[in-house]
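Student: I have the sequence and the model open, and I would like to work through the side-chain contacts one question at a time. Please give me the rule behind each term when it comes up.

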Amino acid sequence: MPQVNYNDTINFLSKLTLRRLWNAAKVYSSYYITRFTKKPVQWGLPVSISFEPTTSCNLKCPECPSGLREFTRPRGMLKREFFTKTIDDIYKDILYLIFYFQGEPYLNKNFLEMVSYASSKGMYTATSTNAHFLTDEMAKKTVESGLDRLIISLDGTTQDVYEQYRREGNIEKVIEGARNIVKWKKELKSKTPFVFFQFLVVRPNEHQIEEVKKLAKEVGVDEVRFKTAQIYDYEKDPNQLIPKNQKFSRYKKNKDGSHIAKNKLQNHCSKLWEANVITWDGMVVPCCFDKDATHRLGDLKNQSFKEIWHNKNYKQFRKELTTSRKNIDICANCSEGLSVWKD
């Protein structure tokens, strides 16, 4: 079993207030009442939200709409004024703020200013990055921003393996960026951010699992986590990305060589009660699997977050989830319970 990171746990718990605890109690009690009665009930606001800093990315990963430049929705950068206005409306109830959906957060020049603002409101903040922009100066600013969690995507330990998925990426920049963060945490005597390598396990890199554990210790990051990959055409797997090690796959191989998803898609999902995603331009969508924002439950340019969270669109979506989840397209490739292993 992986060890608990006590500094991160204590830091996370320090963000709790009576109001946030009460909100969480309302959220989870309404979720379990819904599971029991099969009638959607929603109390409180989400425990966590994800804000999308940008849709832009410097890499071209083969299973990512940002990397493939295949968005049908508008592309752009999250504006600081819009972000702060939304946060002011909800921060007293929201515990966890994730600065990530699609794209590379550090491409937004105001990204760390927004992190600092959310941190000043006592929210636990996290982001995920490909680490190509963590120069010495940017690493220092990241630590100073108050960011609580930094996920660094490192999907290989050698350039030839790394670039098979992180196309146009440079592994030396990633490792240098991680070293810069570790250095500035020590220099500034900061316990945050909690830093870990996230290793997306695919067939080209699955033989390097033990190597990335050694690299993490050498660099000085806090942990390594292994994540299963979402494959859009998983039945055929045209890019040959599904790993042979079934532990790290979201899919099960049939006798004829095709694949099916392991998730049995029962008619419940806590994400529609505890979390949500906000795109750079204010569209509220159910979860991180709606990458192209096809299920737009509200627009923050026209309504407040609280109004959207309890509007008829959300109620209808939760109702469909409790009766026929398998018919919801974004649920078909869901990795709930299958996505991350810690080391």
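**Rings, charges and buried contacts**

Student: How many aromatic pairs does the count come to?
Tutor: Rings of Phe, Tyr and Trp (its six-membered ring) pair if their centres lie within 6.5 Å, and planes under 30 degrees apart count as stacked, over 60 as edge-to-face and the rest as tilted. The model is a predicted one, in which local features need pLDDT of at least 70 and side-chain atom pairs count only at pLDDT 80 or more, while totals for chains, interfaces and linings use all residues. Residues are numbered from 1 along each chain as its sequence is written, and side-chain values use heavy atoms, with hydrogens and water left out. By the ring rule, the count comes to 15 aromatic pairs.

Student: What kind of pair do the rings of tryptophan 309 and tyrosine 314 form?
Tutor: We need both the distance between the ring centres, which is 4.8 Å, and the angle between the planes, which is 65 degrees. Given these two values, the pair is therefore edge-to-face.

Student: Are tryptophan 309 and tyrosine 314 buried or exposed?
Tutor: Buried means under 20% relative accessible area, exposed means over 50%, and partly exposed is in between (1.4 Å probe, protein chains only). Tryptophan 309 has a relative accessible area of 0%, and tyrosine 314 also comes to 0%. Tryptophan 309 is thus classed as buried, and tyrosine 314 likewise counts as buried.

Student: Which residue lies over the face of tryptophan 309?
Tutor: A charge sits over a ring if NZ of Lys or CZ of Arg is within 6 Å of the ring centre and within 35 degrees of the ring normal. Elsewhere in the model, the charged end of lysine 140 sits over the ring of tryptophan 184, 5.5 Å from its centre. Over the face of tryptophan 309, at 4.7 Å from the ring centre, lies arginine 318.

Student: How many salt bridges does the count come to?
Tutor: A salt bridge is a side-chain nitrogen of Lys or Arg within 4 Å of a carboxyl oxygen of Asp or Glu. One of them joins the side chains of aspartate 155 and arginine 166 at 2.5 Å, N to O, and both of these residues are buried. By this rule the count comes to 17 salt bridges.

Student: How many residues apart in sequence are the parts that aspartate 8 and arginine 149 tie together?
Tutor: The side chains of aspartate 8 and arginine 149 meet in a salt bridge of 2.6 Å, N to O. Helices (H or I, at least four residues) and strands (E, at least two) are DSSP runs, numbered from the N terminus. Aspartate 8 is buried at 8%, and arginine 149 is buried at 13%. Because aspartate 8 lies in helix α1 (residues 6–14) and arginine 149 in strand β4 (residues 149–153), the parts tied together are apart in sequence by 141 residues.

Student: Does aspartate 222 count as buried or partly exposed?
Tutor: Aspartate 222 meets lysine 185 in a salt bridge of 3.4 Å, N to O. The two lie 37 residues apart, with aspartate 222 in the loop between α9 (209–219) and β6 (223–228) and lysine 185 in helix α8. Lysine 185 is buried, at 12%. Aspartate 222, at 34% relative accessibility, counts as partly exposed.
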